[in-house]
Amino acid sequence: MANEIVFSRNHIDNVKDLDVYVGNGGYSSLQKGLTMAPDELIELVKASGLRGRGGAGFPTGMKWSFVPKDTSKPHYLVCNADESEPGTFKDRQLMEVNPHQLLEGMILACHAIGAKTGFIYIRGEFVGPIQIVSRAIEQAYARGYLGKNIQGTGVDVDLAVHPGAGAYIWGEESALLNSLEGQRGLPRLKPPFPAVSGLYASPTIINNVETLANISHIVNNGADWFKQWGTERSAGTKVVSISGHVNRPGNYEVPLATPMMTLINEFAGGVRDGHKLKAVIPGGSSVPILPAEKCDINYDYESIQAAGSMLGSAGMIVMDETTCMVGVARNLVHFYRHESCGKCTPCREGTDWMFKILNELELTGGQMDDIDLLLDITDNMDGKCFCPLGDTSIMSVVSGIEHWRHEFEEHVRNGGCQQRAQNGH
Amino acid sequence: MAHLTAESRQRINDIAARYPEKRSALLPALYVAQEQDGIVTDEAIIDIAELLEATPAYVKGVASFYTMYYRYSVGKYILQVCGTLSCELCGSGQLVNHLEERLGIKEGETTPDGRFTFETVECLGACGGAPVMLLGDKYYEKLTIKQLDAIIDDLRFKPASDHPEPPQLVPFEDKPAGAKST
Ligand SMILES: Cc1cc2nc3c(=O)[nH]c(=O)nc-3n(C[C@H](O)[C@H](O)[C@H](O)COP(=O)(O)O)c2cc1C
Ligand code: FES
């Protein structure tokens, strides 16, 4: 089983074109969805059990219901297409292959939250998706799927693409709002949450591309249909991005609760030939690393959590026995150090010191005390950073030392990474 | 170094009209400036500030926050190799070593003829195609050293004027992230 919902039209040639999309049932949810009362639409999405696909897994219908009903301010919808979490590359494919599915979901979401304007915030490097989504928007305007009185339903929705400019922190929703307002992309203090005070201090809902891509299907087919896949707490399907040491890396849409080893061995074609599984990062770089022996679990929110990690953005990075876990921590901490916005001290300083120590361990071996020093730094960051970027930057260090402490110690004893010395880089 | 042309100004005003507040057009406006001159010049910063009703210092502060705006001159072709985890696991280190040797420069530097700038960058959101390189607006995925050499040869030996666009050896359209799903 695969490709039930958001990838269900991926096999159709040129489905990014409006005529092809409409010819295959596209935009058919609008008549139904836009004539429902907004509250009814919110209840439907609540009943479906859909959870946000951007990383935090917050129930989508519930988030929508937080928008106050009694403000005179305009409401906004923002689609988060920043896609910068290492290991995650699904939104790019969702936009490139089927942009109208996203627009259809956004039109419905706008109606549900009472927004007349929506922005699609796409990372600047994604020139292809920016062009494809922009073209889709033009087509949709020309044919009355966007603009005033959509398909005669009396609902008005305007959508525009906003290109990013290269910063991971932008994916964090409040930083995203700042950059959309033309500011430096620094996170904001919460509360107030964006649903109450977001873009231009107006009620704003931020949702991931995949979350929004699910909406038209739920409206067309109902909540029970959606819940036939997955579990009580993990309903529906998930696009899992699989990369690293596998034979067939790629995006695979599977029902939630599909066994993780099935994803690796069947969908991704197994660990690359002649090698065996060592570790998996199940949900993007911001979640703890699982050793192979803990990977015999179902791929859903609750099972991954029980195993000590998180589903996150479903960016699965697979590593075989040749992987040096000190090197993994060093690589990922390098990422967070580069992407830290510098606003709060624990994150700005913590990521820098962690990197310096890991770099030392990797290149010259450092000292035995460094391992506990690293843990001490992570302890001083955990839960103490202004936004989750800092808190999650410690994951590869903490889980790396927990499961592979002996590798860190070997680095100290050997005066650096043996493997790196062999490979010459 | 130049101020914004009338055309660039018009484009920025058009973009600003799409937003409830002008200042939201700042990031797109910086792209317009960069398209005009290859980098964001001091003069352009002053012009953008005037158009969007901000101070030049404010505009400069925003421009410096993001990695995709260049304030100082860079090569005609910017080779950006992803160094983040999935790409490192799949051999981006070899690509980086090879580029350094071949171009005779370290990362972040530009060749003396002004043709190539080479950078390592963080995750490009295409990890299924690791190792990945971004050149202009093209993604090159599952890039081998041989392909990399072909790209450089192609860009190196032709007069710059013949080559307004990067070559399309592995256009993304033919090869979506990590190829096809079953
Ligand atoms: C540092 C950081 C980076 C993030 N990057 C992204 C991202 O690239 N894309 C995304 O959809 N959500 C990202 N998020 C999560 C968003 O803040 C937000 O929770 C999400 O967009 C909400 O949409 P959802 O409820 O549909 O998942 C990031 C969060 C943090 C803290
Ligand atoms: S790690 Fe290189 S593109 Fe994501």
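Let's start in the loop between α7 (127-142) and β3 (158-163) of chain A, where we find A:N149. This is a predicted model, so keep that in mind throughout. A:N149 has a positive phi of about 50°, although it is not a glycine. Is A:N149 buried or exposed, or something in between? Its relative accessible area is 41%, so A:N149 is partly exposed.

A:Q151 has 32% relative accessibility, so it counts as partly exposed.

Next, the loop between α8 (173-180) and β4 of chain A. A:P191 is found there. A:P192 has its place in that loop too. Look at the peptide bonds. The bond from A:K190 to A:P191 is cis, with omega near -5°. The bond from A:P191 to A:P192 is cis as well, with omega near 5°.

One more loop in chain A. A:A292 lies between β9 (290-291) and β10 (298-299). With 23% relative accessibility, A:A292 counts as partly exposed. Now compare positions. A:A292 and A:A279 are 13 residues apart along the chain, and their C-alpha atoms are separated by 4.9 Å.

On to the ligand. How many residues surround ligand 1? The count is 18, and the closest are A:G54, A:K63, A:N207, A:N208 and A:T211. Which element gives the largest share of that shell? That is β4 of chain A, with three residues. Both β4 (204-208) and α16 (388-392) of chain A supply at least two residues each. Sort the shell by class, and you get four nonpolar, eight polar and six charged residues.

Now the atoms. The side chain of A:T211 has an N or O atom 2.7 Å from an oxygen atom of ligand 1. For the side chain of A:N207, the distance from an N or O atom to a ligand 1 oxygen is 2.9 Å. A:E83 uses its backbone: an N or O atom there lies 3.1 Å from an oxygen atom of ligand 1. How much of ligand 1 does the protein bury? Taken alone, ligand 1 exposes 610 Å², and the protein buries 90% of that.

Let's turn to chain B. It has seven helices and four strands. Along the sequence, the pattern reads α-α-α-α-β-α-α-β-β-β-α. Chain B has 182 residues, and buried ones make up 54% of them.

Last topic: rings. Over all chains, a search of the whole structure finds 18 aromatic pairs. Take A:F119 and B:Y19. Why is this pair called stacked? The ring centres are 5.4 Å apart and the planes are at 15°, while stacking needs planes under 30 degrees apart, so the pair qualifies. This pair crosses between chains. A:F119 is in strand β2 (residues 115-122) of chain A, and B:Y19 is in the loop between α1 (6-16) and α2 (26-37) of chain B. Both A:F119 and B:Y19 are buried.

A:Y121, A:W170, B:Y31, B:F65, B:Y66 and B:Y69 form one aromatic cluster.

Finally, charges over rings. In chain A, A:R51 lies over the face of A:Y301, 3.9 Å from the ring centre. In chain B, the charged end of B:R23 sits over the ring of B:Y58, at 4.5 Å from its centre.

How values were computed
Residues numbered from 1 in each chain as written. Chains lettered and ligands numbered in written order. Predicted model: local features only at pLDDT ≥ 70, side-chain atom pairs only at ≥ 80, totals over all residues. Heavy atoms only, no water. Phe/Tyr/Trp six-rings, centres within 6.5 Å; stacked < 30°, edge-to-face > 60°. Buried < 20%, exposed > 50% of the residue type's maximum accessible area, 1.4 Å probe, protein only. Lys NZ or Arg CZ within 6 Å of the ring centre and 35° of its normal. Near = heavy atom within 4 Å. Polar contact = N/O pair within 3.5 Å; in protein donor to acceptor, adjacent residues only side chain to side chain. Areas by Shrake-Rupley, 256 points an atom, 1.4 Å probe, with all protein chains shown as cover. Nonpolar A, V, L, I, M, F, W, Y, C, P; charged D, E, K, R; others polar.
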